[in-house]
Amino acid sequence: MMKLLPWRRLTVHSKIPSTPSPSSFTNTYRFLFHSQPDEEDIFDPPFSPTLKPHKPKKKGQKQENASCVEDCEKAQDFTVNFDLPFDFRYSYSETNPAVEPIAFREPPRFSPFGPGRLDRKWTGTSAPRLQPVDLEKVAEDRRRVLGEPLSEEETAELVEKYRHNDCSRQINLGRGGVTHNMLEDIHSHWKRAEAIRIKCLGVPTLDMDNVCSHLEDKSGGKVVYRHINILLLYRGRNYDPKSRPTVPVMLWKPLAPIYPKLVKNVADGLTFEETKAMRNKGLNAPPLTKLSRNGVYVNVVDKVRAAFETEEVVRLDCTHVGTSDCKRIGVKLRDLVPCVPILFKDEQIILWRGKKDEEQNSGS
């Protein structure tokens, strides 16, 4: 039995010192019975507080703290003059500067670029340029950077190098469209690559011409390849990464302001009963097409135009697309087709072609 329990044998046959110290007796007692220490024991590290000696403050410590505060204030007051020839916005391709918001969801005084980082004032939707722009000089600088146009062989070589899915120089363009921070990403890729691959998805693919024009205008490059939703943006022959324009970065995404109501209770040119009948007709009609979330909507505009040649009301099935994206799709179709959106319900878009054809026939 003693061999099976060696720890018992040690405790029985161990010699107890003649004059045991209090500390050794206390440690042995805790080891055997796992009892909590007495409150008077100040030598127990887990249960006794560690008293740190107070260091005397140096005389120059207050001066150092004051200098640090001054440096922080100077950093906040630091401003940079950006000579970019356009107003700074969160999204350039998905916002219309002509439409003014009726309210804001956040105070316009808070700039998403940070306090004191811009020489421009944030208005809630944009940071407008203070000085007028010389368009001729901007166009001349852009032509100088682009240099001579690429030959067919150079273009084919560039396209073959960057058009594939495994290209490491790729930027994804989503529901925000051509955003401000995307410009900094483009110039960062252009440091080591002549061109970048841009993959467009979502609502901006309804108008690819608008996306290409904003990319060329804001970045200074040129779109040398376009296939459905894939773009190749070329930086130019004389592009110098060291002398590239400085693009300030937005620290957060500003909340979208509140714009006027998109769908009216009574459509223009119709009575209330006629508008109600049109909405019911559209809800009962078969869907023209079904749109997926973050899909490619390149052919939607042509499909709606072709459908309006024979139909008066068209329904688009946008299940799982999202309410906000449905409204963005309706706004773009209103301007591109053109047509009149009369209902957004249960992620279904009802479009009316309007009375333009009848008025033209009656006038002729």
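Analyst: In α6, the buried residues are His180, Met182, Leu183, Glu184, Ile186, His187, His189 and Trp190. Buried here means under 20% relative accessible area, with exposed over 50% and partly exposed in between, using a 1.4 Å probe and protein chains only. Eight of the eleven residues of α6 are buried, so the helix is largely enclosed by the rest of the structure. Helices (H or I, at least four residues) and strands (E, at least two) are DSSP runs, numbered from the N terminus.

Before going further, a word on the model: it is predicted, with local features needing pLDDT of at least 70 and side-chain atom pairs counting only at pLDDT 80 or more, while totals for chains, interfaces and linings use all residues. Residues are numbered from 1 along each chain as its sequence is written, and side-chain values use heavy atoms, leaving out hydrogens and water.

What do the buried residues of α6 pack against? Their partners are β1 (88–89), β3, β4, α7 and β6, where contact means heavy atoms within 4.5 Å.

Three of those strands belong to an open sheet of four strands, ordered β3-β4-β6-β5 with mixed pairing. Two strands pair if DSSP finds at least two bridges between them. At the edges are β3 (170–173) and β5 (222–227), each pairing on one side only. Neighbouring strands of this sheet are turned by 25 degrees against each other on average, direction ignored. Helix α6 (residues 180–190) packs on this sheet and touches β3, β4 (195–200) and β6, its direction making about 165 degrees with that of β3. Axes are lines fitted to C-alpha atoms, for helices over the stretch in contact, and angles run from 0 to 180 degrees between N-to-C directions. Helix α7 (residues 208–219) lies across β3, β4, β5 and β6, at about 155 degrees to β5.

Now for β6, one of the strands that α6 touches. Five of its five residues are buried. In a regular strand the side chains alternate between the two faces of the sheet. On one side of β6 sit Ile230, Leu232 and Tyr234, on the other Leu231 and Leu233, and all are buried. Strand β6 (residues 230–234) pairs with β5 in the antiparallel sense over five bridges, and five bridges also join β4 to β6, again antiparallel. Leu231 is the bridge partner of Arg226, and Ile198 stands opposite Leu231 too. Lys222 stands opposite Tyr234. Between β5 and β6 there are two residues, making a hairpin, and Ile228 in the turn has a positive phi of about 55 degrees.

On a 1 Å grid over the protein atoms alone, a pocket is an open set of points with protein on both sides within 12 Å along at least five of seven lines, and lining residues have an atom within 4 Å of a point. Of its 33 lining residues, Leu84, Pro85, Val138, Asp141 and Pro245 are the closest to its centre. The largest share of the lining, six residues, comes from α4.

Notes. On a 1 Å grid over the protein atoms alone, a cavity is a set of points where a 1.4 Å probe fits but cannot get out, and a pocket is an open set with protein on both sides within 12 Å along at least five of seven lines; lining residues have an atom within 4 Å of a point.
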